[in-house]
Amino acid sequence: MDIETVKERAGPREFSPGDDLPEEYRKAATRMIEFHANSEIMGAYLERPFIRQAPSIDRKLAFSAKVQDEIGHGQLLYRAAETLGIKTREEMLDDLAEGRGKFLNCFHYPMDGWVETPMIAFFVDGAAMRRQATLRRTSWEPYAHAMDKVCFEEGFHVKHGEDILRTLMNGSRAEQRRTQEAFEEWWPRIIQFFGPTDDKSTHHDFAADVGLKQMTNDELRQAFLDMYVPKARKYGLEIPEYPRVSQNDEGRWVVEEDDLDWDEFFTVAKNNYEPGLGQINGRARAQEAVEWVRDVIEGDGAPAGGRSPQAAD
Amino acid sequence: MTLDPNDLDEREALAALCKRLGDDEFVLAERYTEWQVRSPSLESDLALSNIAQDELGHARLWYDLLIDLGYEEPEIVYERDADEWHHSTLVEQPFAEGDWTDPIVRSYLYDVAEKLRLATLEESTHPKIADRVGKIQGEENYHLEHAQNWLERLVADDEGKERVQNAVDRLFPYALTLFEPVDPDVEDDIVDLGLRDATLAEMGEEWLSVVIPYLESLDLDVPESGVEGMDGYAVTDEMLPEHVGRDGSHTEAWSDLFEEFTHTYHDLGRDQSTKIMGRPE
């Protein structure tokens with residue numbers, strides 16, 4: 001199939017491993033899905049310490065289950081990417097460990113305390129939900145299929161994050177103040193989640209033309225703000241002064257792009273953001289430390305890890 | 001038997017039993033969750049996460065029986081002093097980064113004990129205990145199967161076997177503390193009241209009679225090989241490590257772990273812990 005045919009046929013779940021697709025399509029799809037899978041892993045890595053730090057048994061269980069779900073999403077997504085025949089899962093995981101694999105901006109920032117957990121589990125996961133919902137209509141069928149399960153579970157994660165936020169904002173004044181401070185720190189990063197405005201985005205046109213991407217960065221950011229500015233306010237959070245966010249004549253929320261630090265964003269995107277290297281290197285060390293297990297079981301025939309209900313989709 | 005709310009010995013025996021059961025599961029789960037996002041493969045990560053959540057769920061079931069006695073979660077977990085925890089020192093042990101033999105050997109040693117322990121509770125005179133045993137047993141069988149599958153694969157390789165041997169040497173003495181009493185008098189009451197139908201000594205003997213031959217069948221050296229001698233298997237004082245946990249004495253790693261999981265609760269100045277699920281049936 002040539003690229004013109006791909007563009008003509010591009011529609012929801014149009015292409016599957018049986019199709020003979022041009023390398024350009026397969027590379028673009030691999031890049032997109034690999035980024036998504038890496039983000040699941042690095043998000044899980046960031047949240048993992050809060051399984052232990054959760055302030056109740058129920059929260060602990062929910063956090064452990066959430067982190068597990070993210071690893072399960074990573075597994076599904078790497079599989080969906082592998083079927084494109086460009087890279088194996090091992091190559092993608094090695095690239096991630098060696099600092100070449102790219103992933104979402106928000107997961108580069110260290111997280112120090114419990115009051116920060118809803119910034120990821122409510123706002124970032126909420127933002128991810130907006131994007132993922134549209135990807136159920138992506139043109140690479142295995143990716144769309146993975147999104148069905150991911151979106152289903154992600155709905156629970158957002159509720160879990162929202163519930164933590166509600167508890168904090170109904171807690172002591174100190175809890176409310178500290179949650180507000182965390183929100184102010186994370187808010188610009190959360191807005192940047194969707195990437196730069198479409199004029200500055202390099203990969204969008206092709207991905208949209210071949211049906212991989214269903215909505216533009218700007219449309220997604222708009223939808224997110226319309227939904228989450230009111231939610232933040234509902235729980236008593238104040239929207240920070242910068243970046244300037246205001247309602248236009250149609251009642252939609254608009255952000256002043258220039259108020260955001262795009263230099264930092266691109267430094268983060270290239271894995272060069274100094275504070276975020278702790279996570280990349282920490283994950284690399286963890287993977288290296290268990291390398292011996294992979295060597296030992298390599299070639300012994302059985303799949304690693306025994307029976308795992310999560311492994312089946 | 002219906003619990004007599006006025007019988008203090010009975011309440012004390014039931015509370016001691018539920019705490020030792022719940023504390024073992026809770027602290028074991030804490031160590032297992034350290035493997036999340038750090039396991040050798042995505043699949044083994046998912047499997048160990050499942051096991052960690054099972055153990056946490058079991059801790060919830062045992063702690064819930066303390067709620068019947070009037071306790072609340074904060075005083076069971078977040079406001080209890082570190083030296084009032086009664087888990088075996090096996091479950092609190094730290095491990096070196098990447099030492100995948102640790103959760104596997106730990107799980108094997110623990111899950112054999114857990115299987116025997118649950119069997120002694122099947123006919124408990126406290127109906128809620130007997131009822132919960134059934135719920136837990138199905139999951140525990142899978143845990144044991146998971147540990148044994150991994151052990152057999154690891155020892156098939158020279159390096160793997162050496163590492164498993166090191167983990168056995170390190171963890172085995174601590175596993176023996178699973179059969180130590182919280183308080184000898186209270187332990188007698190637990191058996192006399194029929195809450196559990198075997199003594200700790202009997203359970204320890206049985207555990208040794210399962211674990212030693214199994215590890216030897218994998219060509220591993222067991223620290224207490226040969227203890228069967230003339231009188232059969234028995235856990236003796238000489239075999240035990242300095243800190244046994246059951247009596248509130250713990251190894252150094254416990255205070256760090258305890259500090260970490262109670263940190264948020266204290267840092268936020270909480271006086272209650274959020275429930276998002278109802279009480280178990």
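**Close-up views of a two-chain predicted model**

**View 1. Chain B has the radius of gyration of a compact globule.** For 281 residues, a compact globule would have a radius of gyration near 19 Å, and chain B agrees at 19 Å. The radius is taken over C-alpha atoms, and the globule rule is 2.2 Å times the number of residues to the power 0.38. The model is predicted: local features need pLDDT of at least 70, side-chain atom pairs count only at pLDDT 80 or more, and totals for chains, interfaces and linings use all residues. Residues are numbered from 1 along each chain as its sequence is written, chains are lettered from A and ligands numbered from 1 in the order in which they are written, and side-chain values use heavy atoms, with hydrogens and water left out. Along the principal axes, the C-alpha atoms of chain B fill a box of roughly 55 × 50 × 35 Å. Chain B has nine helices and zero strands. Helices (H or I, at least four residues) and strands (E, at least two) are DSSP runs, numbered from the N terminus. Of the 281 residues in chain B, 59% are buried. Buried means under 20% relative accessible area, exposed over 50%, and partly exposed in between (1.4 Å probe, protein chains only).

View 2. H4 covers residues 101-119 of chain B. Its 19 residues reach 27 Å from first C-alpha to last, close to the 27 Å expected at 1.5 Å a residue. The expected span is 1.5 Å times one less than the number of residues. Of the 19 residues of H4(B), 17 are buried, so the rest of the structure largely encloses this helix.

View 3. Chain A holds 13 helices and two strands. A compact globule of 313 residues would have a radius of gyration near 20 Å, and chain A agrees at 20 Å. The C-alpha trace of chain A spans about 55 × 50 × 35 Å along its principal axes. Buried residues make up 57% of the 313 in chain A. Among contacts (heavy atoms within 4.5 Å) in chain A between residues at least 6 apart in sequence, 76% join residues at least 24 apart.

**View 4. A:Arg233 sits in helix H10 of chain A.** This helix runs over residues 217-234. A:Arg233 is partly exposed, at 47% relative accessibility. Not counting residues up to four places away in sequence, A:Arg233 touches A:Ile239 and A:Trp253. A:Asp58 is 175 residues from A:Arg233 along the chain, and their C-alpha atoms are separated by 27 Å.

**View 5. A cis peptide bond joins A:Tyr242 to A:Pro243.** Omega is near -10° for this bond. A:Pro243 lies in the loop between H10 and strand E1 (245-247) of chain A. Most residues other than glycine have a negative phi, and most peptide bonds are trans.

**View 6. Two loop residues of chain A have positive phi.** A:Arg13 is not a glycine, yet its phi is about 55°. A:Arg13 lies in the loop between helix H1 (3-9) and helix H2 (23-47). At 29% relative accessibility, A:Arg13 is partly exposed. A:Asn271, also not a glycine, has a phi of about 65°. The loop holding A:Asn271 runs between helix H11 (262-269) and helix H12 (277-289). A:Asn271 is buried, with 5% relative accessibility.
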